[in-house]
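Please report on the fold, surface and charges of the model shown here.

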Amino acid sequence: GVKKFVTVIPGIRPKGAAKQDQKRTLTPKQAVRAGADYLVIGRPITGAPSPSKALDAILRDLAD
């Protein structure tokens with residue numbers, strides 16, 4: 001059979017988050033709309049005072 005390509009989009013930044021050293025960013029919603037299978041969201045989660053709350057906020061935004 002034909003293998004399906006998987007789309008991984010790095011540089012994801014939640015709305016209002018600093019771009020830091022990323023030149024091109026998308027919000028999680030924009031990335032999903034663009035067809036992402038996986039989102040790479042690093043520092044906005046790992047650098048947050050509460051990584052679990054940061055992730056929860058991203059997931060709530062995606063669910064809206």
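The report below covers the model's basis, fold, surface and charges.

## Basis

This is a predicted model, in which local features need pLDDT of at least 70 and side-chain atom pairs count only at pLDDT 80 or more, while totals for chains, interfaces and linings use all residues. Residues are numbered from 1 along each chain as its sequence is written, and side-chain values use heavy atoms, without hydrogens and water.

## Fold

Three helices and two strands make up the secondary structure of the chain, in the order β-α-β-α-α from the N terminus. Helices (H or I, at least four residues) and strands (E, at least two) are DSSP runs, numbered from the N terminus.

Along the principal axes, the C-alpha atoms fill a box of roughly 45 × 25 × 20 Å. Among contacts (heavy atoms within 4.5 Å) with a separation of 6 or more, 46% join residues 24 or more positions apart.

## Surface

Of the 64 residues, 23% are buried; buried means under 20% relative accessible area, exposed over 50%, and partly exposed in between (1.4 Å probe, protein chains only). The accessible surface is about 5,000 Å², with 57% belonging to carbon and sulfur atoms. Areas come from the Shrake-Rupley method with a 1.4 Å probe.

V6, V8, Y38 and V40 form a nonpolar surface patch of about 380 Å². Patch residues have over 30% relative accessible area and no salt bridge, with nonpolar side chains (Val, Leu, Ile, Met, Phe, Trp, Tyr) joined within 5 Å. A salt bridge is a side-chain nitrogen of Lys or Arg within 4 Å of a carboxyl oxygen of Asp or Glu. V8 lies in strand β1 (residues 8-9) and counts as partly exposed because its relative accessibility is 47%.

## Charges

The chain has 12 positive and 5 negative side chains, and the centres of the two sets are 6 Å apart. Lys and Arg count as positive and Asp and Glu as negative, leaving out His and the chain ends; charges are placed at NZ of Lys, CZ of Arg, CG of Asp or CD of Glu.

Terms used:
Patch = residues over 30% accessible without salt bridge, like charges linked within 9 Å, V, L, I, M, F, W, Y side chains within 5 Å.
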